[in-house]
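Hello,

Here is the structure I promised to pass on. Please have a look at it, and then read on for what turned up.

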Amino acid sequence: MKRSQHRSQKTKDNTLGQKTSKIQKHKPKSYITRQSVQPGSKINGLHILSLLYNSDHPLSSNEIITRLKITKQKKQALELVLNVLQKQGQIVCTKGEKWAIASPMQKVIGTFVVQRSGAAFVIVDQQNTQKPYSDIFIRPELQNGAWDGDKVQVIVYPTKHGKNFEGQVVQILERPRKEVIVRVSQKHEKGGVVCYPVDSKLNVLFIVDTSKLPEKPIENELLVIIPTPNTNGELLMGIAQYSLGVEEDVRVQEKVVKLNYNIPCEFPLHVLKEENVAKDLFIKSKAVFYNVPYQKYDDISQCSTAIRQDLRVIDFVTIDGEDAKDFDDAICVYPTDIGWDLWVAIADVSHFVRAGSLLDSEALARGNSYYFPCSVESMLPEFLSNDFCSLKPKEERLVMATKISFDNDGKTKNVIFFPGVISSRARLTYEQVHLALEVKEISRLPGGIDTLSMLNNASELAKVLQANRIKRGSLEFDLPETRFLINKATRRVIGVIRQERFFSHQLIEELMLAVNEAVATFLHDKQIPFLYRIHPEPDIERLEKLFRILATTDLACQLSGSPDAKKLGGILEEAENTPQTFLISRMVLRSMMQAKYSPEPGEHFGLASPLYCHFTSPIRRYADLLVHRAVKFALGDTQKHIPFGQQLFSIAEQCNSHERVAQEAEREITKRLSCLVLQGDEGKIFEAIVTGITDFAFFVELISMPIEGMVRLASLKDDWFEYNQDRQELLGVRTGKRFYLGQRLTVKVSSVNILRLEIEFELHMMQPTSGENIKKGRTKARNYYRQKEKVRSSNSSFRKRKKKSSSLHQKGQ
C-alpha cells in the first residue's frame, strides 16, 4: 500500500472512530455489542449503526452498500447483518424497504392482539405513554415471534397525519400463555409428534415430546403442552402435559375455550378454606329463625331499614331455566286498591362474601360466572352459589328485599329496601309458568291455583311496565338464543335449535328491570358511590350507515327525515311479525354501542332509562355484589366497606373486561359446536338468509338452524361483483345478479374448518330473476362501476396535480 493511501485509510478509520464514540456517548450500551457483528462476515455492525445514525433519512440496502463502499457480492451478507440488528431492536425497516436507527423513534408498551384474519395489532397501554396512540398495526415480518396476548414493546414508525400507526415488535416483555392446546397431526421423524395449535391466532408448528403421556396420542387428539424456551424459526418445541381427548367431545371443546381465554376453573385451596367461615354465618342465620313463628305481614317495616325483616309469610317463588342451580331472585306480586305491590328478594351474597376477604378477592378476579352448554365456571364456590346463597324452595335464606308499590298505570308510588329472610314456596321453570299463564295448565304447577293467582298478578303488572317502557323509547329485540342439543352419554353435539322465548321470560325481565332502576335512583339520590350500568346512544356514523341500509328494505317509508336514534324503537315495532323482523333486529343491534359499568351516571339508551344498575344477580356478577354493599351502606350499615374514587374506576374496568371475555368465550364455543354440527355434512343443501355483505364474501344463516357461514365471491365463477357499501349489496357486472341483506338462497356446505372456526358454503340456487330485472341489474351494476371509476380517476388526477405542484414548489425553494 502506498503511503498516501495508508494516510487516507487512517483518516477514514479515525473519522469512523469519532462517529462510533459519538454513538457510544449518546446511545444506550445495547447498541454497541459483539452481537452487532454478524459472525463470519467482514461487514461491521458498528459501521452500519454509525451510518444510519448520521443519516438524515432512512437508507435502502443499495444506498448502504454505496456509502460503505461494499461490493455487491456481499449484499447477502449485509442483509444478514441488517436482520440481526433489526431483531435486536437497534434498527428498523420502514416502508419501502429502507433502514433507520431505532432510538429516535417512540417506543411504547402494549398488548399484542391477533385477529382471526391474521392481522395483528398492539393495543397501547396509554398510562405508560407521553401521547395517546390508537392501535398499532404490526406486519407479519415485524412481529418478532410475538403471540396473541403477549405484553410487548414496539417501535412506532413515523406516519403522516391521519394515517394509522404502524410499528415493529422489539421485545416480548411478558407471555401470559404458559400452556398451549394443540392438535396432533403426524409423527415426526426425529421423535415426538407434529402439532398445530387449535387457536388459529397462533401461526406456528410444534414438535411435541409425548413421553410424559400414559399412551401415545392418536391423530386429531388434543393435547395441552408447555412450549420450551428455545426458538428459531416457525417450528417450536413443546412438552405434552396431558390429553384433553378427541375434538368431537363437547367437554373437550369447552376446555379449549376456557384455556384460550384464561377462564379460571378450580378455586384455590386458600379460598375454599373460607367455607367454614361462611358455614358458621349460615348456621347462625338459620338459628335466629329456627322454630320461630312467621312474622305477620302487617308487622313488616313500612320504611327502609338496616334491620333484617322476617319475610317468610310472603309467597315468594323463583322462576328460572330448567337446568339452573343458582336461584338468586324470587318474586311475589299482590294486588292493592290502587294497583300492585311488587316484592323482589335477591340472595344476600354480601352477608357471606365480606369486602377484602379471600372470597371477595377471588370473586373480583373472576368478575362474573362463565356459562357453557355442559358446564358453568362460577364466580363463587359451589357451597355459596348452589347452597348457602341459592334461594331453594322450602328453605330459609337471607336476602336483600325490595318492595315497590305501583298504581294501575304502572307509576311508582313508593319504594323500600331492607335485608330479610324468606322461605321460597316453589321453584318454577319458564315453561311451567308459560303453560300456566297461556293454557291454564296447572297440573305441574307447585301450589296449584294459589300460585297461578299470584302469577296472574305478576303478569298484569309486567305487561303494564313493558308497555310503559316501550312508550318511553326502549328497544325490543326479537333475537332467540341458540341452544345446542347434546347427547349426555357420548357428550357429542347432535343438533342446534333456536330457544323458544315465552312471555314468562319477559315477565321476570320486566320485574328485574323495575328493581334495578329503583335501586339506581335510590343510591343516586343518596349520593352513594356505586357502579351504574350505562349504554350510550349510537354515534351518528353508525346511525347513518344503518339508515342507508334500512332504506333498501320494505321499511324505507318509515325513514323520513335525518337519521335519529329515537326512531329505532318505531322501526323495530314496524318490523315485528314480518319476515324481516329477525334481520332488522340484528342490524339495529349491530349499530348499538357497548353497554358498560361506570362510576359516573349516564343514560341506558337501550332501556330508555335515565339511571340504571345491576342489582339482581349477585351470585354471578361482581358488579351486583358491589351494589348490594352500597345499598346496605345507604341504609346505615356502616360496617360495609364500599369502594370509591380511583378504586371504583379500576373495579369498573375489571368488570367490563371480564364481561367482554365471557361474551367472546360464548361466541367461540358457539362457533366450535356449530362446526361440529355440520362436520361430515359437506355437500348437504340448506335454505339460508343473507345476514352480512363484504367485498370478499357474503354471510348467510341457515333457516333450519342458527348456524352462520360465508359464501366467498371467489366461488361464484360466472361473474365478478362490485360491492356497494352504502346499500350493503353485491352487483354482478355481467349477469346483473344481486345479493342483498335478507335475501333467501339455497346453499351447499363446502367445507368445515374447526381450526379456523370457519364454515364455508357454495351458492346452490337463488331465486330466478326475470329478463327485465337482469337487464336492470346489469345497468345498475355498470352505472355503479362507472361512477366508482370516475371517482378513482378524479382522485388520481388530483393526487398527480398535488404531487406536481409540490415538486415545483420544492424546486422554487
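**A buried charge and its partner**

Glu377 counts as buried, because its relative accessibility is 11%, under the 20% limit for that class. Its side chain meets that of Lys258 in a salt bridge, 2.8 Å from N to O. This pair joins distant parts of the chain: Glu377 is in strand S19 (residues 376-377) and Lys258 in helix H5 (residues 250-260), 119 residues apart. Lys258 is buried as well, with a relative accessible area of 9%. Do keep in mind that this is a predicted model.

By the rule used, the count comes to 37 salt bridges.

- Glu701 and Arg498 meet at 2.9 Å, N to O. Glu701 belongs to strand S28 (residues 697-702) and Arg498 to strand S24 (residues 492-498), 203 residues apart. Glu701 is buried at 5% relative accessibility, while Arg498 is partly exposed at 31%.
- Glu760 and Arg712 meet at 2.9 Å, N to O. Glu760 sits in strand S34 (residues 758-766) and Arg712 in strand S29 (residues 708-712), 48 residues apart. Glu760 is buried at 18%, and Arg712 is partly exposed at 30%.

Salt bridges with shared partners also connect Asp387, Lys392, Glu395 and Arg397 in one network.

Asp323 lies in the loop between strands S15 (317-320) and S16 (329-335), and is exposed at 67% relative accessibility.

Best wishes

Note on methods:
Residues are numbered from 1 along each chain as its sequence is written. This is a predicted model: local features need pLDDT of at least 70, side-chain atom pairs count only at pLDDT 80 or more; totals for chains, interfaces and linings use all residues. Side-chain values use heavy atoms; hydrogens and water are left out. Helices (H or I, at least four residues) and strands (E, at least two) are DSSP runs, numbered from the N terminus. Buried means under 20% relative accessible area, exposed over 50%, partly exposed in between (1.4 Å probe, protein chains only). A salt bridge is a side-chain nitrogen of Lys or Arg within 4 Å of a carboxyl oxygen of Asp or Glu.
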